[in-house]
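I opened the notebook to record what I looked up in this structure.

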Amino acid sequence: LAGRSPQKPLAGRRVLVTSGPTHEPIDPVRYLANRSSGRQGHAIAAAAAEAGAEVTLISGPVAIADPKGVTIVRVETAREMLAAVEAALPADLAVFAAAVGDWRPAQDSTSKIKKDGAAVPPLSLVENPDILATIAKRSEGRPKLVVGFAAETDSVIAHARAKIARKGCDLLVANDVSAEGGVMGGTANTIHLLDRDGGLETWPTLDKDEVGRRLVERFAARLAP
Ligand code: CTP
Ligand code: CA
């Protein structure tokens, strides 16, 4: 393709990245969320743009700067994120770095839930759609390379192996988010990169920007003819 070079290995490629947490509303003033900062997903989007790709970054609510040279679609909930991902297809590469809320409140009250009355309000949850699995298992229009993430606090590799099979993705970036690691919300990351054929690499602890650049190199190599 025109313009592809060692410096721009993703020139002419369409790349989609999800990043950040989701917010799942309880009522107009409250929501369920998680500790994701969006740093790793945003770093991947920036590195892909730097590598020459046309990048769409679909981001949950984050407090970090927009990466340069990417199209940003801002969403709040998992269901909005799924719709935005589907609207952004087709893509050559899809990277699902977002920490998608697994559950949402069964009811999203249109008015603020009040304290008055004796009982604590019940909070019942329903499961959100699995965005990664939905896209990875598509029969038509599946991106050539689908990359998932796994946030684990124990038995990281075993859980990651099960996850890559269950989700149907080609590569999985696994990280240990147990408290002492401080990965969620932090600026450094220690990852394991797994593929579907049993391949496993463990990388040294690196700045999330550097992890993003190195991952993009790997993705470009996998996409190369
Ligand atoms: N993911 C997704 N949609 C969801 C949940 C997760 O797209 N509703 C994606 C994440 O972006 C990530 C991968 O699936 O790429 C794994 O997310 P993770 O939370 O580690 O796995 P789960 O399947 O949700 O399992 P659990 O949280 O129980 O470990
Ligand atoms: Ca999850």
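The model is a predicted one.

**Entry 1: contacts of ligand 1.** I looked up Ala 98 with that cut-off in hand. A polar backbone atom of Ala 98 is 2.7 Å from an oxygen atom of ligand 1. That pair counts as a polar contact, because the cut-off is 3.5 Å. Next I checked Phe 96. Here a backbone N or O atom lies 2.6 Å from a ligand 1 oxygen. Then I turned to a side chain. Lys 163 places a polar side-chain atom 2.7 Å from an oxygen atom of ligand 1. I also looked up the area of the ligand. Ligand 1 exposes 560 Å² when taken alone, and the protein buries 78% of that.

**Entry 2: the shell.** How many residues surround ligand 1? I found 15, and the closest include Leu 132 and Lys 167. Phe 96, Ala 98 and Lys 163 are also among the closest. I sorted the shell by class: 9 residues are nonpolar, 5 are charged and 1 is polar.

Helix 3 (131–136) and helix 4 (156–167) each supply at least two residues, as does strand 9 (145–152). I also looked up the pockets. The largest pocket is the space taken by ligand 1.

**Entry 3: backbone geometry.** I noted the background first. Most peptide bonds are trans, and most residues other than glycine have a negative phi. I logged two places against that.

Is the peptide bond from Leu 89 to Pro 90 cis or trans? I read it as cis, with omega near 5°. Pro 90 sits in the loop between helix 2 (78–88) and strand 6.

I located Ser 155 in the loop between strand 9 and helix 4. Strand 9 and helix 4 are also on my list of elements that supply the shell around ligand 1.

Technical notes:
Residues are numbered from 1 along each chain as its sequence is written. Chains are lettered from A and ligands numbered from 1 in the order in which they are written. This is a predicted model: local features need pLDDT of at least 70, side-chain atom pairs count only at pLDDT 80 or more; totals for chains, interfaces and linings use all residues. Side-chain values use heavy atoms; hydrogens and water are left out. A residue is near a molecule or strand if one of its heavy atoms lies within 4 Å of it. A polar contact is a pair of N or O atoms within 3.5 Å; within protein, one must be able to donate a hydrogen and the other to accept it, and residues adjacent in sequence count only if both atoms are side-chain atoms. Accessible areas come from the Shrake-Rupley method with a 1.4 Å probe; for residues, only the protein chains shown count as cover. On a 1 Å grid over the protein atoms alone, a cavity is a set of points where a 1.4 Å probe fits but cannot get out, and a pocket is an open set with protein on both sides within 12 Å along at least five of seven lines; lining residues have an atom within 4 Å of a point. A molecule sits in a cavity or pocket if more than half of its atoms lie within 2 Å of its grid points. Helices (H or I, at least four residues) and strands (E, at least two) are DSSP runs, numbered from the N terminus. Ala, Val, Leu, Ile, Met, Phe, Trp, Tyr, Cys and Pro count as nonpolar, Asp, Glu, Lys and Arg as charged, and the others, Gly among them, as polar.
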